[in-house]
Amino acid sequence: MTRISSLVALIGLTLLFWTGPVEAQQTGPSAAPLTTVQSHALAPIGSAAAFDPVKATNAYLARVSGKERTRSDSYFEGKYWLLLVDALWAIAASAALLFTRVSAQIRDFAERQTRSRFWSVTLYVGPFFLVMTALTFPLTLYEDYLREKAYGLMNQTFLGWFGEFLTLTGVNLIVSLVALTILYWVIRLAKGNWWIWGTIVFAVFATILTIAEPVLIDPLTNTYTPLPQSQIKDDILSLARANGIPAKNVYLVDASKQSDRISANVGGFLGTTRVALNDNLLHKGTHDEILAVLGHEMGHYVLDHAVFGLALQTLLAFFVLALVSAGFELAVSLFGGNWDVRRIEDPAGLPVLYAVLTIVLLLATPISNTITRTVEIQADMFGINAVRKPDAFSTVVLKLSNYRKLDPAPWEEMVFYDHPSGRTRIWEMMRWKAEHLNDPDIKAGATSPQ
């Protein structure tokens, strides 16, 4: 009982202390309650909060204006129409060979020279290729020489340009002879499913060309010499080693003999890797701009874009060839008698395949450009994280504006751009910089316009 009495007394005292203040508040005046105030220091100048990547992007783009911007936009927008003109011209040339039965005559000539169906295709492809090259040459001359000259992008004389045109035409002729002869052999064996096996042929030849281009094809039109010993060469090789690129030298390309375009490349595959920059970049770019460009190119190598690109191109080829096969059958069912084209394995039907392929590829332009543009953005991101020069990359993008429209509408970029636009690329850099402003090297680096 004593313990119970003590517990009751303790509870009573506790209640007294709890209720006492409440009663006091009810019977007398009290002070107004205080509000808790939280204070924060303002962001220092140069911090992410004070840096506006949108303003910086717009300020960079504003550096190219007036006649320069107008000429750049006009040059690039002209290519939109040339895509359609090229396609219509190729279709018209193919139709001319078919309706005049020149294609059938070439086939008959080839079959009279040999009894081998395999080699008769080779004998057909040669004349077909040369006739198509001749028929499309006026457009090639305008696009690749006259138009480039008019916009101040061509440094070659006509004879210099024409000599390179003949060289590359010879390379394309050899590739076409081999590839199409094998393709028609596959068509004869696979018949209705030829486009499946044709995709494999495409993948094999695309791989071979990727390997051969840096060491066999590119030197046919340009000279590659080791870059003289310098700080920039040491820094490029250091960047390559840091990212696992097996390059022991850096090569300089005499691209200025053709144009003023700046460029670099880390190309090759399966042991043919080579780091190269053209002399325009070396002479027109700053040290940091050169590293920014090489960082982007090394991104293609490290991210295995050669393999990734081959895989995507092969997948796209699978669907394209399937559509070409269906289109061929439809066209021959309508006009085959007028053309004297027999079946899919008849080489005289090659102009039909070429015309249908042209139509399919034209319609697939937004898809193929999106694939390429995506890997270019990935390389941009790799490059900025490897080199950490956002302003240098932005200024070098401006130097590309003599032949690339800087600020297109979103639909233009989606359909016609195989690289990100200037606005997209500079925005990428400024967005990255906004997140790294407190890093010591970025604080000590270039100041972006605002």
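**Notebook: salt bridges, helices and a surface patch**

I began with Arg107 and Asp108, whose side chains form a salt bridge with N and O 3.1 Å apart. By salt bridge I mean a side-chain nitrogen of Lys or Arg within 4 Å of a carboxyl oxygen of Asp or Glu.

A note on what I am reading: this is a predicted model, where local features need pLDDT of at least 70 and side-chain atom pairs count only at pLDDT 80 or more, while totals for chains, interfaces and linings use all residues. Residues are numbered from 1 along each chain as its sequence is written, and side-chain values use heavy atoms, with hydrogens and water left out.

**Entry: how covered are the two partners?**

I looked up relative accessible area (buried is under 20%, exposed over 50%, partly exposed in between, with a 1.4 Å probe and protein chains only). Arg107 is buried at 1%, whereas Asp108 is partly exposed at 25%.

I find a count of 16 salt bridges. One of them joins Asp441 and Arg388, N to O 2.6 Å. This pair links distant parts of the chain, 53 residues apart: Asp441 sits in helix α17 (residues 440–443) and Arg388 in the loop between α13 and α14 (390–399).

Next I checked Arg423 and Asp407, whose closest N and O atoms are 2.7 Å apart.

**Entry: helix α13**

Helix α13 (residues 365–387) has 23 residues and reaches 32 Å from its first C-alpha to its last, close to the expected 33 Å; the expected span is 1.5 Å times one less than the number of residues. Its buried residues include Asn369, Arg373, Glu376 and Phe382.

**Entry: a nonpolar patch**

Ile196, Trp197, Ile200, Val204 and Ile208 make a nonpolar surface patch of about 450 Å². Patch residues have over 30% relative accessible area and no salt bridge; like charges are joined within 9 Å, and nonpolar side chains (Val, Leu, Ile, Met, Phe, Trp, Tyr) within 5 Å. The areas come from the Shrake-Rupley method with a 1.4 Å probe, and for residues only the protein chains shown count as cover. I placed Ile200 in helix α7 (residues 194–217).

Note on methods:
Helix = DSSP H or I, 4+ residues; strand = E, 2+ residues; numbered from the N terminus.
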